[in-house]
Amino acid sequence: MSVDVEPDQLAIDGARPVRAEPWPTYDKGDVFIEDEDLDLVLETIRARLYFRYDHRPYELTQTGGLERDLAAFFGVPHALTCASGTTAIALGLLALDLPPGSAVACPAFTFAATPSAIRLAGHRPVLVECDDDLHLDVADLRRRMTPEIRAIVVVHMRGFASDMDAVLEVAREFGVPVVEDAVPALGARLRGRPLGTFGDVGAFSTQSDKSLNTGEGGFMLTRDPSVHARAIVYAGAYEGRMSRHFDGDPPPVDDLAMPIFGLRMDEIRAALARGLLRRLPERLAAHHRNYDRVAAGLADLPDVALRRPVADHAYLGEALVFRVPDATSAQTAWIAAALRAEGIAARALGDPGDTNVRAFWNWRFLFPDAAKARAEYPVTARRLDEAIDIPLSANLAERDCDQLVHAVRKVLAARGGRGA
Ligand SMILES: Cc1ncc(COP(=O)(O)O)c(C=O)c1O
């Protein structure tokens, strides 16, 4: 698609925008659900049994059913539903039984919830740089590994798989477990295997921006029965209720020896998630279709550095993040503003006028001084300054994708030196 424009043809200068309708974002009813799925939710409400640990056996509860469905979908022995993605990460870390106050590595490009979850579990986040493609930089991880670092939380940020082979190699070398924050990549695969099944724990969210949208919620996956058992207790299985997860076998942990944090999922939400899980393949295909159409439309632009996946199709496709190489944060912010004027919900990740919590220097709970934080992680700071982030809801039509491509090409062609 070639676009010939003069600067005064941009909507930011008052010209007609590429699109007049709002850009579809995840919270606009982007839910793949049919009447039969809703029936299950209504049945659950009519049954008036909303708590997962009532008199029913595990297999007759919606939470129990969802956990079995999730374990089958991901091909792992154990799934535990919980309150959110943040608490799924924290439960994973708690269940790994690290010494209290351990240092835990995580990438500098992530949502604020990742270091927050490390804090919630009683540990200390240590950030690691990201590379040009905004994946965790494994060489920097290796450089920063010290005996104090007792676990690695890797994040498949904005749906793109991290290089799990390389991360697991470092983890093995240093003898530490890996938690995958797969919250942004629910359903995405790396070389055929679902993200969230490579590490010791995989953590997911079912909040409204995610591929399973139950408003709020989350779950964790593990192959390790004792990690699973400890997470069940921490999530809030008290007075022997955890035994229901073990088909009558004696549970492998002493529940009274552990605190409980009230992070359970409820029955209504679990019923909703079961319907959504059945529709997930349809939604995942839509994400790939949209992403691939948009990426193909931008591939020839020298001003657009698309993220290179670590393997063929190793991404979810629910967001388009690209860099404008060598752009300053002010220039990238101007490009994002020009795209918004064209009707595309773009954000510059490093926009100095924004408090985007995907920019680590805005995490004042860790970094009271933003400039110092940026100086500590200069590569990630620079890459985020160049990055534009656009949500790609699964319900985008081809026309929406083409308008996005048109808007990006138009704005980049006409930007000149603006925003400097
Ligand atoms: C990378 C990442 N981790 C964790 C979370 C937290 O998920 P939740 O909002 O369900 O706690 C999010 C939320 O979007 C996220 O993007």
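I started with two helices: α1 (35-47) and α8 (residues 267-298) pack at an angle of about 165°, and their axes lie 8 Å apart. The model is predicted: local features need pLDDT of at least 70, side-chain atom pairs count only at pLDDT 80 or more, and totals for chains, interfaces and linings use all residues. Numbering runs from 1 along each chain as its sequence is written, and side-chain values use heavy atoms, with hydrogens and water left out.

I noted how elements are named: helices (H or I, at least four residues) and strands (E, at least two) are DSSP runs, numbered from the N terminus. Axes are lines fitted to C-alpha atoms, for helices over the stretch in contact, and angles run from 0 to 180 degrees between N-to-C directions.

**Entry 1: α1 and α8**

How are α1 and α8 oriented to each other? They are roughly antiparallel. The classes I used are under 35 degrees for roughly parallel, over 145 for roughly antiparallel, 65 to 115 for roughly perpendicular, and oblique for the rest. The crossing is right-handed. That word applies if the near helix is turned clockwise from the far one by less than a right angle; anticlockwise is left-handed.

I then listed the contacts (heavy atoms within 4.5 Å). From α1 come Glu36, Asp37, Leu40, Val41, Thr44 and Ile45. They meet Glu267, Ile268, Ala271, Leu272, Arg274, Gly275, Arg278 and Arg279 of α8. By class, this contact has 6 nonpolar, 2 polar and 6 charged residues. Here Ala, Val, Leu, Ile, Met, Phe, Trp, Tyr, Cys and Pro count as nonpolar, Asp, Glu, Lys and Arg as charged, and the others, Gly among them, as polar.

**Entry 2: α3 and α4**

Next I took α3 (residues 85-95) and α4 (residues 113-120). Their axes come within 8 Å and cross at roughly 40°. That makes the pair oblique. This crossing is right-handed. α3 gives Thr86, Thr87, Ile89, Ala90 and Leu93, and α4 gives Ala113, Thr114, Ala117, Ile118 and Leu120.

Which residues of α4 are buried? They are Ala113, Thr114, Pro115, Ala117 and Ile118. Buried means under 20% relative accessible area, exposed over 50%, and partly exposed in between (1.4 Å probe, protein chains only). Their cover includes α3, β2 (103-107), β3 (124-128), β4 and β5 (178-181). Gly122 follows α4 and has a positive phi near 90°.

**Entry 3: Ser162**

I looked up Ser162 in the loop between β4 (149-155) and α6 (164-174). Is Ser162 buried or exposed? Ser162 is buried, at 1% relative accessible area. Its side chain reaches the backbone oxygen of Val155 at 2.9 Å. Beyond its neighbours within four places in sequence, Ser162 contacts Leu136, Val154, Val155, His156, Leu190 and Val310.

**Entry 4: positive phi**

Most residues other than glycine have a negative phi. Arg48 has a positive phi near 60°. Arg48 sits in the loop between α1 and α2 (62-74). With 65% relative accessibility, Arg48 counts as exposed. Asp326 has a positive phi of about 70°. Asp326 lies between β11 (319-323) and α9 (329-341), in the loop. Asp326 is exposed, with a relative accessible area of 65%.

**Entry 5: Pro391**

Last, I found Pro391 in strand β13 (residues 387-391). Pro391 is buried, at 14%.

Notes. Polar contact = N/O pair within 3.5 Å; in protein donor to acceptor, adjacent residues only side chain to side chain.
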